[in-house]
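User: Could you walk me through how to read a few features of this model? I would like the general idea each time, then the case at hand.

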Amino acid sequence: MVWQYSEKTKQLFMAAVHGEPGTHLGEIEDPDGLGEHGSIACGDAMRFTFRVERHPTDPTRDVITDVRYLTFGCTSAIAASEALCSLIEGRRLTPIEALKITNGDIVAFLGGLPEQKIHCSVMGAEALESAVFNWAQRRGVDLKSLGIDVHADEQSEGRIVCKCFSLSEPYLKRKIQELNLRTIPEITNAVKAGGACMSCHHVPGGLQDLLDEVWGEDKNSLRVLPAAASMSPAAPSARAEQPGLSPYQFSKKVEKAIDEYVRPMLTRDGGDLEIVDIKDHLVYCRLQGACTGCAGAGQTLKMMVEKTLKEMIDERVRVIAV
Amino acid sequence: MRIVYADNNATTRVAPEVFEAMIPYFTDEYFNPSSMYEPARRTADAVADARKTVARSLGAADPKEILFTSCATESNNAAIFGATRANPNRRHVITTAVEHPAVLGVCKDLERGGWEVTFLPVDGQGNLDVGGFVRALRPDTLLVTIMHANNETGVIFPVEELARIAKETDPAIVFHTDATQTVGKLPIDLGRAFRHVDLLSFSGHKLHAPKGIGALYVRRGTPWRPLLIGGHQEEGRRAGTENVAYIVALAEAVELAAAHRDEDEARIAGLRDRLEATLERQVPCVQVNGKGAPRLANTLNLSCHYVEGEGMLYQLSAEGICASSGSACTSGSLEPSHVLLALQVPFTAVHGSIRFSLSRYNTDDDVDRILEVFPRIVANLRKLSPYWDNKTNAPRPGADRLLTESRADALKAR
């Protein structure tokens with residue numbers, strides 16, 4: 001699939017990797033706000049830091065003067081990180097004003113993103129939000145009293161819906177509303193939920209149920225049922241058993257015969273033999289040690305072991321070299 | 001800008017000799033090989049000769065055992081569905097977790113239809129556990145389908161051995177191998193070492209024939225039913241007017257590969273080994289996936305810890321270098337490569353994989369160019385990475401634990 005990125009996205013990415021002037025690579029030491037989102041296991045992660053010019057009396061009037069990011073991720077994740085910084089820089093926004101920047105603003109700044117890359121812009125918005133919450137904590141600003149939903153603990157306390165990306169029910173419901181997500185593919189594109197093993201799509205309490213709960217059963221969400229459950233697999237036919245010997249007794253006898261008669265002959269030459277499996281009268285063996293390098297090993301094993309076992313246990317025994 | 005093409009496991013350049021051989025069948029020799037008039041005999045003969053050439057190069061006993069198809073995906077579908085349809089009483093299939101989607105997808109479809117499928121795991125180097133294979137064999141096993149070499153890592157499976165074990169266990173088990181990455185690269189003799197293999201698929205475009213032609217070997221006497229029906233072509237086992245020009249191309253490519261194989265392999269191995277050793281030396285924190293296993297000489301699958309593959313590919317592309325990656329961002333889903341997950345590549349590296357695959361048309365200059373560009377590209381991305389410490393040029397202390405949620409455990413648990 002050829003890259004379908006906008007010129008702006010490509011240009012920001014290349015500028016960032018080459019560390020051109022005006023880019024925002026890095027991390028502010030001892031920052032006023034620090035936010036992280038994503039994880040290396042998920043395939044993208046971002047650390048966002050900012051510095052403010054502190055207001056002498058009213059922390060809510062702090063203004064952001066410097067922004068930096070470090071991002072692990074694809075071309076568009078890095079471009080989205082640059083876009084976020086550009087949207088904040090030079091505008092003397094207070095952190096609370098910065099919160100108004102949405103992933104939609106990042107997409108617009110980039111001149112659009114491919115659908116399946118929307119989550120890169122969401123990551124930027126999430127990292128910003130968590131950095132602002134971090135600033136509020138450091139500066140003793142009570143965001144709740146200012147009417148800002150801090151949705152604390154929703155990740156740690158909610159039921160996990162998407163296990164692959166570890167996303168909780170309250171978080172997903174909020175994102176479905178905030179980002180106006182109407183279908184499962186839209187959810188996946190925006191926040192990745194349901195994008196790996198896909199088992200959370202249609203299970204009870206899964207993504208479709210969350211969509212129904214948020215938007216009501218019949219609103220734009222087509223319910224696609226997974227294919228009918230598979231038929232019950234045919235039962236394997238019962239194995240033919242040794243007359244008079246259970247499979248367990250048979251394998252014990254094989255082991256005993258090998259221990260007593262075969263192994264001593266092999267160890268004399270610095271080799272050994274491992275029983276890999278026994279099925280009916282088939283005995284699967286592997287030569288070890290000095291024997292493995294010997295050209296005639298396979299033949300030796302088969303002839304000698306098979307002859308011994310046939311004599312000791314059952315005429316039908318066959319040895320298969322592994 | 002000069003293009004360095006290092007993605008030959010995806011597709012290859014058409015050899016000039018092959019292109020040359022095709023041309024008459026686009027111009028004067030356009031006749032349908034099934035027609036009765038004299039000129040059609042020439043196209044029919046061309047197809048017959050091509051069949052003999054391909055059969056001979058694979059050590060097949062009879063040219064009729066070679067069916068021409070449109071691609072390896074068709075061959076794989078035909079092999080697996082054909083074997084299952086001919087053996088309705090058995091319901092168990094064995095394959096591996098690292099097959100190409102053209103086999104994996106078909107096996108998953110069988111599962112939905114009520115068959116039981118065992119997906120054999122591989123170890124950290126990509127090796128199959130032969131003991132595990134043995135233990136998976138059952139009285140109702142109808143088909144084993146295991147690839148000859150993996151397209152992502154180049155790891156080679158001992159299919160000769162596995163096929164022998166399957167047949168010694170139960171001659172009624174049908175053994176299929178997807179040899180798309182190995183025909184033309186490794187010696188395959190269906191009359192000797194591979195005599196226990198019943199079905200073998202491959203395509204032309206991995207060995208310098210064009211896209212749009214493949215073949216399926218069906219050993220005489222194998223219980224198997226055709227997938228495409230409705231015509232007498234290929235003895236009624238693959239209906240559809242023969243794609244004469246491409247069939248001729250495939251035969252030419254197979255012959256060319258056989259003639260140059262030893263020489264090509266030694267030279268390509270030299271290029272790959274130099275690329276691999278130098279990158280391992282010059283780029284910190286890399287691992288070669290499948291390094292401890294027997295591997296195709298042309299393939300290098302490298303994981304760079306703490307960087308993401310798509311950003312590497314994009315920069316390589318900007319420098320004119322064509323390669324591929326198993327990162328989630330290039331897969332079309334949000335899941336990184338199923339092959340690297342099966343190898344349990346650590347989650348710090350599974351998104352940072354890059355595959356260089358060479359062919360007889362690659363040169364020392366190509367390797368030099370990759371060596372000139374690649375270390376810089378990785379360094380560029382690491383400068384941006386929250387997991388990398390630029391002062392020490394090493395991962396930040398504890399980077400493998402930073403910013404990791406339960407996704408890491410989820411990946412590990414798979």
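**Reading the chain contact**

Analyst: The contact between the two chains takes 49 residues from chain A and 50 residues from chain B; two residues are in contact if their C-beta atoms, placed from the backbone, lie within 7 Å. This is a predicted model, in which local features need pLDDT of at least 70, side-chain atom pairs count only at pLDDT 80 or more, and totals for chains, interfaces and linings use all residues. Residues are numbered from 1 along each chain as its sequence is written, and chains are lettered from A and ligands numbered from 1 in the order in which they are written.

User: Which element gives the most to the side of chain A that touches chain B?

Analyst: Strand 2 of chain A does, with 4 residues. Helices (H or I, at least four residues) and strands (E, at least two) are DSSP runs, numbered from the N terminus. By class, this side of chain A has 28 nonpolar, 13 polar and 8 charged residues. Here Ala, Val, Leu, Ile, Met, Phe, Trp, Tyr, Cys and Pro count as nonpolar, Asp, Glu, Lys and Arg as charged, and the others, Gly among them, as polar.

User: Happy with that. How do I read a pair of packed helices?

Analyst: Two packed helices are described by the angle between their axes and the distance between the axes. Helix 7 (residues 169–178) of chain A packs against helix 9 (residues 207–215) of chain A at about 55°, with the axes 10 Å apart. Axes are lines fitted to C-alpha atoms, for helices over the stretch in contact, and angles run from 0 to 180 degrees between N-to-C directions. Helix 7 and helix 9 of chain A are therefore oblique to each other (under 35 degrees is roughly parallel, over 145 roughly antiparallel, 65 to 115 roughly perpendicular and the rest oblique).

User: Which residues of helix 7 of chain A meet helix 9 of chain A?

Analyst: A:Glu169, A:Leu172, A:Lys173, A:Ile176 and A:Gln177 meet A:Leu210, A:Leu211 and A:Val214 in helix 9 of chain A. The residues of this contact divide into 5 nonpolar, 1 polar and 2 charged.
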